[in-house]
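Hi everyone, thanks for coming. Please have a look at the structure on the screen before we walk through a few parts of it together.

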Amino acid sequence: MDWHLSLVAMFTTILALMAIGMPVAVAFLTINLLGTLYFMGGLNGIDQLIANSTTSITNFSLVPVPLFLVMGELLFHTGLAMRVFDALDKCFGGIKGRLSYMTVVGGTVFATLSGSSMANTAMLGSTLMPDMVKRGYKPHMIMGPIVATGGLAMIIPPSSLAVLLGSIGRIDVGALLIAGMIPGLLLALMFILVIRTQITLDPASAPGHPDVKASVPEMIKAVTFDVLPMGLVIFAVVGLILLGWATPSESAAFGVLAVAFLAALYRKLTIEAITKSLKGALIVSTLMLTIIIGSTTFSQILAFSGASSGLIMWSSSFDLNAYTMLAILFLTLVFLGMFMDQLSIMMLTLPVFMPLVSLYGFDQVWFGVVMLLALELSLATPPFGLLLFVMVGVSPKGTTIGNVAWAALPYILCTLALIVILAIFPELAIWLPQIMR
């Protein structure tokens with residue numbers, strides 16, 4: 001079969017299966033089975049498919065995924081995350097727009113601890129939104145920062161999605177995790193500037209909090225006992241990798257131990273919290289590993305059918321410059337993000353994108369950060385951005401997807417601006433990984 005027909009047939013079939021409601025992982029496994037029977041010699045090909053599937057999920061580089069999930073679940077169920085927010089609440093005092101600023105700062109801290117965008121958004125929405133509504137914040141000052149900050153967990157280490165992207169795209173996982181640190185913090189700073197600008201333009205959009213005042217000793221006590229100890233977790237996950245003392249897998253294990261130690265120190269490490277954390281991590285880990293099986297075997301079938309090599313030759317025939325190709329890849333990710341979840345996008349695109357990345361000479365780690373930013377952007381892209389649905393779920397009745405998307409628009413523009421900055425100054429993403437080498 002001609003490579004054009006092979007490519008169209010496989011992608012069309014996958015999209016059709018997902019359109020009729022078939023789960024993403026099952027849709028990929030179905031097309032992989034059909035592709036194996038057609039392109040790889042029937043039953044012998046199925047034996048090879050099973051062997052490849054086993055190899056794809058028995059990779060040691062995937063160990064951080066369930067460990068990061070356990071770490072985030074423990075932070076949530078033991079109440080350690082809420083201690084951080086309570087402490088920050090005292091430190092921000094009565095400044096105008098306090099809760100909006102706290103959303104970004106506290107959400108960024110939690111992003112460095114949890115690695116889960118969904119958990120980040122859900123926690124911020126459920127804990128901060130009721131108080132913000134009660135105090136008279138305008139909707140865009142509530143929903144915009146929560147949706148935007150929720151996506152930071154995808155970029156700032158530890159990021160489960162970064163581990164999956166590195167594993168599927170064969171990118172150095174440790175370098176990719178660290179590469180997101182500076183862009184993620186820069187993006188958080190841009191979010192703070194957006195809030196400040198909105199308050200300046202419309203002072204009534206976010207009230208002051210004269211009733212919320214804490215003395216300097218109270219603030220010092222809150223930071224010392226509730227915020228600074230979390231530095232142990234950040235050091236265990238990020239610091240050990242930066243110092244070269246641990247691999248991503250080892251640092252993830254140390255991160256779980258650090259959270260468990262702090263929870264025990266605060267007498268919050270209960271059997272119930274441990275059970276809920278392990279159960280939540282198990283469910284998500286199983287889903288992710290199933291998706292990895294589908295993605296890696298799909299990539300192999302694309303290569304075996306000649307679709308990958310044919311697409312590369314076809315793309316190179318246009319003589320496009322590198323940045324034009326980058327823009328095409330980015331727009332493809334954003335477009336798919338309007339209809340699909342991030343794992344599905346990665347499964348569809350990485351088998352095609354990574355050969356093009358090599359062809360055009362992009363740094364793989366740098367491209368990984370740009371792709372994570374594009375995926376983060378797609379989380380807030382209507383009509384099916386996942387964070388939009390999470391935000392609607394924790395918002396007052398009557399809130400629509402359109403309301404949330406409009407509130408998130410200035411922060412989406414920040415992400416676009418950061419991608420342009422990274423294209424001009426790629427060192428922002430690759431400087432830290434280069435220090436590690």
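What you see is a predicted model, where local features need pLDDT of at least 70 and side-chain atom pairs count only at pLDDT 80 or more, while totals for chains, interfaces and linings use all residues. Residues are numbered from 1 along each chain as its sequence is written, and side-chain values use heavy atoms, leaving out hydrogens and water.

Let's begin with α14, residues 248-265; helices here are DSSP runs of H or I, at least four residues, numbered from the N terminus. Its 18 residues should span 26 Å at 1.5 Å a residue, and the end C-alpha atoms are 25 Å apart, which agrees. The expected span is 1.5 Å times one less than the number of residues. Among the buried residues of α14 are P248, G255, V259 and L262; buried means under 20% relative accessible area, exposed over 50%, partly exposed in between, with a 1.4 Å probe and protein chains only. Helices α4, α5, α10 and α13 are included in what covers them. After α14 comes R267, with a positive phi near 60°.

Next, α19 covers residues 364-379 and reaches 22 Å from first C-alpha to last, close to the 22 Å expected. Of its 16 residues, 15 are buried. At its start, a side-chain oxygen of D363 comes to within 3.0 Å of the backbone nitrogen of V365.

Finally, which helix holds W406? That residue is in α21, residues 401-424, and W406 is exposed, at 65% relative accessible area.

Terms used
Helix = DSSP H or I, 4+ residues; strand = E, 2+ residues; numbered from the N terminus. Contact = heavy atoms within 4.5 Å. Polar contact = N/O pair within 3.5 Å; in protein donor to acceptor, adjacent residues only side chain to side chain.
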